[in-house]
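Here is a short briefing on one protein model.

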Amino acid sequence: VEENIPPLCIRDVMTTENLITITEDTHLLTMAHLFLTNPVRRLPVLRDGRLVGQVSRRDLLRAAMTIFEGSPDREAAILYLSAIEAEPPI
């Protein structure tokens, strides 16, 4: 431990209120919307109230690229991915 750095515990820096979490069933577009509308870099994944993983912005982009690259109809894939909006339609 560096002598000049004060010790910090996770509880001193973690968020405990207004948590944004997802489940294993959360749709890709829902996750994208959460990332666009909230200042978070990762979404904790819960199963029965217990943490089972996390999804990062990078994970989401990889999944989107997999959809795009694996699609025989690239126009349909682009249309699907373009449904990701920061603001829901009125």
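A salt bridge here is a side-chain nitrogen of Lys or Arg within 4 Å of a carboxyl oxygen of Asp or Glu. By this rule the count comes to two salt bridges. The model is predicted.

**Salt bridges**

- Glutamate 24 and arginine 47 form a salt bridge through their side chains, at 2.6 Å from N to O.
- Glutamate 24 sits in the loop between strand 1 and helix 1, and arginine 47 in strand 2, so this pair ties together parts that are 23 residues apart in sequence.
- Both partners are partly exposed: glutamate 24 has 46% relative accessibility, and arginine 47 has 43%.
- Aspartate 59 and arginine 62 form a salt bridge as well, at 3.6 Å from N to O.
- This pair lies within helix 2, where aspartate 59 and arginine 62 are three residues apart and so separated by about one helical turn.
- Aspartate 59 is partly exposed, with a relative accessible area of 32%.
- Arginine 62 also counts as partly exposed, at 49% relative accessibility.

**Nonpolar core**

- Ten residues make up the largest nonpolar core: Ile22, Leu28, Met31, Ala32, Leu34, Phe35, Leu43, Val45, Val55 and Leu60.
- Two elements each give two or more residues to this core: helix 1 (28–37) and strand 2 (42–47).
- Helix 1 gives the most, with five residues.
- Valine 45 is one of the core residues.
- Leaving out residues up to four places away in sequence, valine 45 touches Ile22, Thr23, Glu24, Arg50, Leu51, Val52, Gly53, Gln54 and Val55.
- Among these contacts of valine 45 is Glu24, whose side chain meets that of arginine 47 in a salt bridge.
- Ile22 and Val55 are also among the contacts of valine 45, and both belong to the core.

**Helix 2**

- Helix 2 covers residues 57–70, which is 14 residues.
- At 1.5 Å a residue, helix 2 should span 20 Å; its end C-alpha atoms are 20 Å apart, so the two values agree.
- Which residues of helix 2 are buried? They are Leu60, Ala64 and Phe68.
- These three cover an arc of only 75 degrees around the axis, which puts them on the same side of helix 2.
- On the other side of helix 2, Arg58, Thr66, Glu69 and Gly70 are exposed.
- The cover over the buried residues of helix 2 includes helix 1, strand 3 (50–56) and helix 3 (74–82).
- Leu60 is buried in helix 2 and is also part of the largest nonpolar core.

**Positive phi angles**

- Asparagine 18 has a phi near 55 degrees, a positive value in a residue other than glycine.
- Asparagine 18 is in the segment before strand 1 (22–23).
- Is asparagine 18 buried or exposed? Asparagine 18 is exposed, with a relative accessible area of 73%.
- Aspartate 48 also has a phi near 55 degrees, again positive in a residue other than glycine.
- Where does aspartate 48 lie? Aspartate 48 is in the loop between strand 2 and strand 3.
- Aspartate 48 counts as exposed, at 77% relative accessibility.

Terms used
Residues are numbered from 1 along each chain as its sequence is written. This is a predicted model: local features need pLDDT of at least 70, side-chain atom pairs count only at pLDDT 80 or more; totals for chains, interfaces and linings use all residues. Side-chain values use heavy atoms; hydrogens and water are left out. A nonpolar core is a set of buried Ala, Val, Leu, Ile, Met, Phe, Trp, Tyr and Cys residues joined through side-chain atoms within 4.5 Å. Buried means under 20% relative accessible area, exposed over 50%, partly exposed in between (1.4 Å probe, protein chains only). Helices (H or I, at least four residues) and strands (E, at least two) are DSSP runs, numbered from the N terminus. Contact means heavy atoms within 4.5 Å. The expected span of a helix is 1.5 Å times one less than its number of residues. The arc is that of the directions from the helix axis to the C-beta atoms.
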